[in-house]
Amino acid sequence: MAAKDSSFDIVSEVDMQEVTNALTQTEKEIAQRFDFKGSNTTVEKNDDEVVIVTSDDFKLRNVVDIFQSKLAKRNVSLKALDYKKPESSLGGRMKQVIKIKQGISQEEAKKITTLIKGLKVKVQASVQGDVVRVSGKNRDDLQAVIQALKNADLPMNLQFTNYR
């Protein structure tokens, strides 16, 4: 990369502290709500997963809604959530695992680079682990790429970092 080239990185990161804060708020709301009394509802976070356990399917959907609204208020993209299939456990209890996606997979990175190539602007996109680096001589081209990716409605949450 020449000294006069500009670049930025496309990343997919989630502020896990904000997820923890949203979970805490969700637990508080569940504790206060009359419709959850005696349902023995739990919301836990293990590494990059959130596990919700409650008494029935209706309450499970309500807890997921509460959690999503708390995340949205904290500017955490809901695209970063990967919902596993809800499971029934003993006594008719329902369990939902929600995986929090961090980083860009190789498959997603290929989609991004293909989209960038399709824009016909003079930039290079290279995959570096779970980051896509975009570089080019013209900063306006880089801005065009950022705008196109924001408008592309990709199934993942993207941020643009290290803009230089």
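1. Helix 1 and helix 2 pack with their axes 9 Å apart and at an angle of about 135°. Axes here are lines fitted to C-alpha atoms, for helices over the stretch in contact, and angles run from 0 to 180 degrees between N-to-C directions. The two helices are therefore oblique to each other; angles under 35 degrees count as roughly parallel, over 145 as roughly antiparallel, 65 to 115 as roughly perpendicular and the rest as oblique. On the side of helix 1 the contact is made by Val-19, Ala-22, Leu-23, Gln-25, Thr-26, Glu-29 and Ile-30, and on the side of helix 2 by Val-63, Ile-66, Phe-67, Lys-70 and Leu-71. Contact means heavy atoms within 4.5 Å.

2. The model is predicted, so local features need pLDDT of at least 70 and side-chain atom pairs count only at pLDDT 80 or more, whereas totals for chains, interfaces and linings use all residues. Residues are numbered from 1 along each chain as its sequence is written, and side-chain values use heavy atoms, with hydrogens and water left out.

3. The chain is divided into domain 1 (6–13 + 104–161) and domain 2 (16–100), with bounds from an automatic or database domain assignment. Their C-alpha centres lie 32 Å apart.

4. The largest nonpolar core has 21 residues, of which Val-19, Val-43, Val-50, Ile-52, Phe-67, Leu-71 and Ile-98 touch the most other members. Such a core is a set of buried Ala, Val, Leu, Ile, Met, Phe, Trp, Tyr and Cys residues joined through side-chain atoms within 4.5 Å. Helix 1 (16–32), strand 3 (49–54), helix 2 (57–73) and strand 6 (94–100) each supply at least two of its residues, and the largest share, 6 residues, comes from helix 2. Helices (H or I, at least four residues) and strands (E, at least two) are DSSP runs, numbered from the N terminus. A second, separate core of 16 residues includes Ile-10, Ile-112, Val-145 and Met-156.

5. Thr-113 is placed in helix 3 (residues 106–118) and is buried, with a relative accessible area of 9%. Buried means under 20% relative accessible area, exposed over 50%, partly exposed in between (1.4 Å probe, protein chains only). Apart from neighbours within four places in sequence, Thr-113 is in contact with Ala-125, Val-127 and Val-132.

6. Asn-40, in the loop between helix 1 and strand 2 (42–46), has a positive phi of about 55° although it is not a glycine; Asn-40 is exposed, at 56% relative accessible area. Lys-120, in the loop between helix 3 and strand 7 (124–128), has a positive phi near 60° and counts as exposed at 74% relative accessibility.
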